[in-house]
Amino acid sequence: CSSISNAPNCYVNCECTNCSMGTSSSIVGSTLPSDCVKCTSGSYASVVASTSCEACPIGKFATDNETDYGGGLVTQVISGAITCNDCPAGYIAEISSLFVCIACDAGKASKAGKGNCSSCPIGTYSESGQSQCTNCVSGKYNYIVGAQLCVGCDTSKTSSPGSFECDQAEAGYFLLDNEVQDCPDGTDCYGGYLTPIPKAGYWIDRSKVSYTNYAYQCVHKTCIGSQNSTCWTVGSILNDTCNSNQLQCTKGARGPLCGSCAYDYTFSKSSFTCITCSESAKSSRTLILLIIFIVIAIIIGTLKANKSLSLPERILESYTMMIIRHLIRSGSFKVLISAYQIIQSITYSLEISYPKIFAITLTWLDFLSLEFPELECSGTRNFSLYNRIYYTSITPILISILIIILSRLRILQILKKKEINKKTMKKKIDEIKSQHAYAVLFLSYLVVPPVTGKQFK
């Protein structure tokens with residue numbers, strides 16, 4: 001203030017000028033503008049007429065622009081700051097009174113306005129000055145905290161994003177006990193956590209995870225393969241969440257290799273699949289008609305035979321039986337039966353599929369191999385594979401016993417005829433024994449292949 005000469009106690013020009021923002025003055029009665037001193041680095045004065053500057057707190061930097069969030073990286077305000085703003089994400093101010101923020105080291109990250117950087121967790125990484133950690137991409141991993149980069153997985157292994165280990169298989173491989181395995185024949189391997197998935201014509205045992213490393217080739221056309229990948233995870237197999245029969249077999253098929261037929265189904269050799277019993281009944285009608293035709297032919301031949309002969313002799317002397325006996329004795333019938341057995345077994349031994357009409361014809365001749373689908377459709381749920389083996393093995397034995405009993409009955413009939421001399425009687429008895437012995441041997445010739453085949457199956 002200026003004093004008035006004539007009035008020493010009076011003053012003029014006593015209005016004070018405020019120090020501007022970014023400056024301060026602690027001098028009382030100051031008369032010089034230079035007494036308003038700029039705030040030193042890292043401190044600020046956000047209002048006019050400040051008597052002191054305040055230090056910027058941790059996590060902030062000093063600047064002369066309220067909209068400056070660059071962290072002092074582009075423009076640095078060493079003195080005269082008017083505010084403190086948050087350090088940008090990826091940068092920090094570990095101590096107070098800073099005018100520039102410091103970038104987080106690689107392997108660390110921070111949000112805006114922080115005083116320290118957080119280390120990246122396992123499965124992630126970062127370069128310097130990052131606001132957040134980045135997940136390792138698929139096929140890479142890391143297992144340490146604060147990683148600066150991710151490591152690539154070994155060959156045939158991969159990982160999901162953000163993994164700390166390579167715990168999955170690449171496409172074309174699968175994992176078993178955490179070891180990479182080549183994809184088995186007959187399967188598709190889609191990698192990841194999936195086990196091998198069988199293709200059409202192959203079957204995999206799902207009772208244990210360790211069994212999934214092998215696919216069995218099916219002998220029938222009952223194995224459809226599987227494309228339902230959700231059922232082929234380790235967890236699904238351990239928890240048995242999917243029905244193996246529905247997953248791998250055609251309708252009506254079940255069991256290992258989809259080789260058995262469910263109740264009310266029977267196996268069709270024409271389609272090589274399980275069909276319903278109602279469908280099987282249609283294919284059996286021709287066989288029934290054929291048997292009826294043969295029986296009628298034998299009856300007609302018997303009626304035309306010599307009336308003086310006994311009924312068994314008339315049956316044996318009928319034209320039909322004579323033709324059958326001729327075929328047997330000439331060896332033609334043996335050749336036909338052998339040819340049928342070879343042709344029929346080719347479908348199993350060489351896995352060859354015949355044309356449908358030919359396969360149907362073979363089905364009509366199933367009785368020659370002791371195959372009777374009607375037994376499976378008899379309503380007996382317990383007619384299992386083992387029961388079929390018992391039936392197939394015992395039936396020829398029972399027929400042989402029946403042949404022997406018939407021979408004894410015929411011999412008793414001869415012995416009752418008093419008018420026949422001993423020489424003729426002996427000749428007839430020897431002939432009967434020869435006929436029935438031949439029948440037993442011929443039966444053995446017919447049934448040994450199908451019986452042993454069934455037992456081996």
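## Loops, links and rings

Leu257 sits in the loop that runs between β25 (253-254) and β26 (260-261). That makes a handy starting point for a walk through this structure, which is a predicted model. Leu257 has a backbone feature to look for: its phi is near 60 degrees, a positive value in a residue other than glycine. Is Leu257 buried, exposed or partly exposed? Its relative accessible area is 28%, so Leu257 is partly exposed; the partly exposed class lies between the 20% limit for buried and the 50% limit for exposed.

Now look at Asn178, in the loop between β19 (173-176) and β20 (179-182). Asn178 is not a glycine, yet it has a positive phi of about 65 degrees. With a relative accessible area of 45%, Asn178 is partly exposed.

Begin with Cys19 and Cys36, a disulfide in which the sulfur atoms are 1.8 Å apart. The torsion about this S-S bond is about -75 degrees, so the disulfide of Cys19 and Cys36 is left-handed. This pair connects distant parts of the chain, 17 residues apart: Cys19 is in the loop between β2 (7-12) and β3 (23-24), while Cys36 is in the loop between β3 and β4 (37-38).

The link of Cys120 and Cys133 is left-handed, with -90 degrees about the S-S bond. Cys120 belongs to the loop between β12 (118-119) and β13 (124-125), and Cys133 to the loop between β13 and β14 (134-135), so the pair ties together parts that are 13 residues apart in sequence. Cys120 counts as buried because its relative accessibility is 0%. Cys133 has a relative accessibility of 23% and so counts as partly exposed.

What are the sulfur atoms of Cys261 and Cys274 doing? They lie 2.1 Å apart, and the two residues form a disulfide. With -85 degrees about the S-S bond, the link of Cys261 and Cys274 is left-handed. Here the partners are in strands: Cys261 in strand β26 and Cys274 in strand β28 (residues 273-276), distant parts of the chain that are 13 residues apart. Both Cys261 and Cys274 are buried. As a separate stop, take a look at Cys16, which counts as exposed because its relative accessibility is 70%.

From sulfur we turn to rings. The structure holds three aromatic pairs. One of them is formed by Tyr141 and Tyr143, which are stacked, with 6.2 Å from centre to centre and 25 degrees between the planes. The angle explains the label, because planes under 30 degrees apart count as stacked. Tyr141 is buried, with a relative accessible area of 19%, whereas Tyr143 is exposed, with a value of 59%.

Trp203 and Tyr216 also form an aromatic pair; this one is tilted, with 6.2 Å from centre to centre and 45 degrees between the planes. Trp203 lies in strand β23 (residues 202-203) and Tyr216 in strand β24 (residues 216-217), so the pair ties together parts that are 13 residues apart in sequence. Trp203 counts as buried because its relative accessibility is 9%, and Tyr216, at 38%, counts as partly exposed. Which residues make up the aromatic cluster around this pair? Trp203, Tyr214 and Tyr216 form one aromatic cluster.

The last stop brings a charge to a ring. Where does Arg206 lie? Arg206 is over the face of Trp232, at 4.7 Å from the ring centre.

Conventions
Residues numbered from 1 in each chain as written. Predicted model: local features only at pLDDT ≥ 70, side-chain atom pairs only at ≥ 80, totals over all residues. Heavy atoms only, no water. Helix = DSSP H or I, 4+ residues; strand = E, 2+ residues; numbered from the N terminus. Buried < 20%, exposed > 50% of the residue type's maximum accessible area, 1.4 Å probe, protein only. Disulfide = S-S within 2.5 Å. Phe/Tyr/Trp six-rings, centres within 6.5 Å; stacked < 30°, edge-to-face > 60°. Lys NZ or Arg CZ within 6 Å of the ring centre and 35° of its normal.
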